[in-house]
Amino acid sequence: MTELRKAIDQEDAKEFAPARNQALGSALAGVMEVEVPDTLVTSQAREKFAVMMTEMRDGGVSDSKIQNQINPENFQKYKDIVKDDIVRDFKISMATDEIARLESISVPDYQVEEQMEMIRKDVQDSEEFDENMIRARVQTTLQRQAVMDWLAEHAVLEVIYEQEVFDQGLLDELAEASLERDNQKASLD
């Protein structure tokens, strides 16, 4: 009965793990006192900026409009926007790596291999990928997840349940806009 209860609790906890990990990450970032070099922030911002431009292209934005967005002023604005997140993520990664080292938290090779096998199936022959780089990222991600699980088991967490406020006005606006689109579409047919 105890094992069954534990299994059910673990399954229920999976739903809240992302929120739990976010709260643990914020707490870790709050206690980490480390100077993050601007070169790291710039490098990470460049990567994120490039991904954003690629997503814009994939979303149908023309290359000429994308080229107009790529300039030092826009990059600096973007960097200023994402800087706090980059610094926070860096602090979290440093903290989780150090906790993993201090507590000897490691990930079994079979878990890494399971993830790699799923990635290989997703990619198949359609794309080439750097397996060593992907393996390192998978290892890091699984290790950080293990650290968060360890922290959740060993920390005293105060759970605050927040009720979402239902915005009837927003729902009414969305319904009205949907009806208007349907009526316009019907009038065109």
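These are my notebook entries on a predicted model.

**Ground rules.** I number residues from 1 along each chain as its sequence is written. Because the model is predicted, I take local features only at pLDDT of at least 70 and side-chain atom pairs only at pLDDT 80 or more, while totals for chains, interfaces and linings use all residues; side-chain values use heavy atoms, with hydrogens and water left out.

**Entry 1: helix packing.** I looked up how α2 and α4 pack. Helices here are DSSP runs (H or I, at least four residues), numbered from the N terminus. Helix α2 covers residues 38–58 and helix α4 covers residues 72–102; their axes are 8 Å apart, at an angle of about 115°. That makes the two helices roughly perpendicular (65 to 115 degrees counts as such). I note that axes are lines fitted to C-alpha atoms over the stretch in contact, and that angles run from 0 to 180 degrees between N-to-C directions. The crossing of α2 and α4 is right-handed, a term used if the near helix is turned clockwise from the far one by less than a right angle.

**Entry 2: Val82.** I then checked Val82, which is found in helix α4. Val82 counts as buried, at 9% relative accessibility. For this label I use under 20% relative accessible area as buried, over 50% as exposed and anything in between as partly exposed (1.4 Å probe, protein chains only).

Entry 3: I looked at two serines in the loop between α4 and α5. Ser104 is found in this loop, with α5 covering 109–123. Ser104 has a positive phi of about 55° although it is not a glycine, and it is exposed at 62% relative accessible area. Ser106 is found in the loop as well and is exposed, at 56%. The C-alpha atoms of Ser106 and Ala146 are 7.6 Å apart, and the two residues are 40 apart along the chain.

**Entry 4: salt bridges.** I found eleven salt bridges in the structure, each being a side-chain nitrogen of Lys or Arg within 4 Å of a carboxyl oxygen of Asp or Glu. One of them joins the side chains of Asp149 and Arg20 (2.6 Å, N to O). Asp149 lies in helix α6 (residues 131–154) and Arg20 in helix α1, so this pair ties together parts 129 residues apart in sequence. Asp149 is partly exposed at 31%, as is Arg20 at 22%.

I also listed Glu98 with Arg101, whose closest N and O atoms are 2.5 Å apart. Both lie in helix α4, three residues apart, about one turn of the helix. Glu98 is partly exposed at 34%, whereas Arg101 is exposed at 54%.

Arg135 and Glu131 form another salt bridge, with 3.4 Å between the closest N and O atoms. They are four residues apart in helix α6, about one helical turn. Salt bridges that share partners join Glu113, Glu117, Arg120, Glu131 and Arg135 into one network.

**Entry 5: surface patch.** Last, I looked up Ile8, which lies in helix α1 (residues 2–31) and is partly exposed at 45%. Met1, Leu4 and Ile8 form a nonpolar patch on the surface, with about 350 Å² of accessible area together. Patches are made of residues with over 30% relative accessible area and no salt bridge; like charges are joined within 9 Å, and nonpolar side chains (Val, Leu, Ile, Met, Phe, Trp, Tyr) within 5 Å. Accessible areas come from the Shrake-Rupley method with a 1.4 Å probe, and for residues only the protein chains shown count as cover.

Technical notes. Angles under 35 degrees count as roughly parallel, over 145 as roughly antiparallel, 65 to 115 as roughly perpendicular and the rest as oblique.
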